[in-house]
Amino acid sequence: MNINILTVGKLKEKYIQQGINEYKKRLGAYTKINIIEVPDEKAPENMSEAEIEQIKKTEGEKLLSKISPDTYVIALAILGKQLTSEQLAKHIDELTTYGKSKIAFVIGGSNGLSDEVLKRADYQLSFSKMTFPHQLMRLVLMEQVYRAFKIMRGEPYHK
């Protein structure tokens with residue numbers, strides 16, 4: 001299985017990068033995982049709704065250009081479905097059972113994901129109704145993917 005995490009913007013915080021690197025190393029025993037960053041758009045402080053939509057559209061086009069047609073896309077979205085860790089593990093396990101060997105998790109920028117990305121998504125996943133910094137979401141997602149593989153293999157960790 002190949003898992004790509006597509007995300008907008010560069011990661012600046014060292015402590016988050018260290019955590020991501022740790023989970024990437026741990027996940028190496030289970031799957032091939034890549035983090036693909038696309039540049040974020042420069043945005044003024046007080047943007048109109050139209051400006052926000054244009055930024056999301058531009059960032060969305062960059063994200064979509066990194067997704068092959070045979071990839072199963074899971075978009076992280078506040079209005080997506082909330083799952084337990086066990087349910088996420090089951091979902092990933094079922095994808096592999098049905099021959100989906102390429103999975104992409106997509107994390108939007110500070111303004112969220114464009115409608116085009118959400119339409120391309122095969123599944124919309126929500127970690128919470130709360131808003132999280134997109135850099136921190138990378139780390140949380142990596143931990144949950146690692147936890148999912150531990151659950152799928154029946155290995156201790158997830159309690």
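Modeller: In this predicted model, where local features need pLDDT of at least 70, side-chain atom pairs count only at pLDDT 80 or more, and totals for chains, interfaces and linings use all residues, valine 73 has alanine 104 in β4 as its bridge partner. Residues are numbered from 1 along each chain as its sequence is written, and side-chain values use heavy atoms, without hydrogens and water.

Colleague: How many bridges join β3 to β5?

Modeller: β3 and β5 pair over 5 bridges, again in the parallel sense. Isoleucine 74 has tyrosine 123 as its bridge partner in β5, and alanine 75 stands opposite glutamine 124.

Colleague: Why are β2 and β5 said to stand at the edges?

Modeller: The open sheet has 5 strands in the order β2-β1-β4-β3-β5, with parallel pairing. β2 (32-38) and β5 each have a single partner strand, so one side of each lacks a neighbour in the sheet.

Colleague: What is the handedness of the unit made by β3, α3 and β4?

Modeller: β3, helix α3 (residues 85-97) and β4 make a right-handed β-α-β unit. The term applies if, with the strands pointing away from the viewer, the path from the first strand over the helix to the second runs clockwise.

Colleague: Which residues are closest to the centre of the largest pocket?

Modeller: The largest pocket has a volume of about 570 Å³, the space filled by probe spheres set on grid points joined across faces, edges and corners. Of its 25 lining residues, Leu76, Ala77, Ile78, Gly112 and Leu113 are the closest to the centre. On a 1 Å grid over the protein atoms alone, a pocket is an open set of points where a 1.4 Å probe fits, with protein on both sides within 12 Å along at least five of seven lines; lining residues have an atom within 4 Å of a point. β3 gives the largest share of the lining, 4 residues.

How values were computed
Helices (H or I, at least four residues) and strands (E, at least two) are DSSP runs, numbered from the N terminus. Two strands pair if DSSP finds at least two bridges between them.
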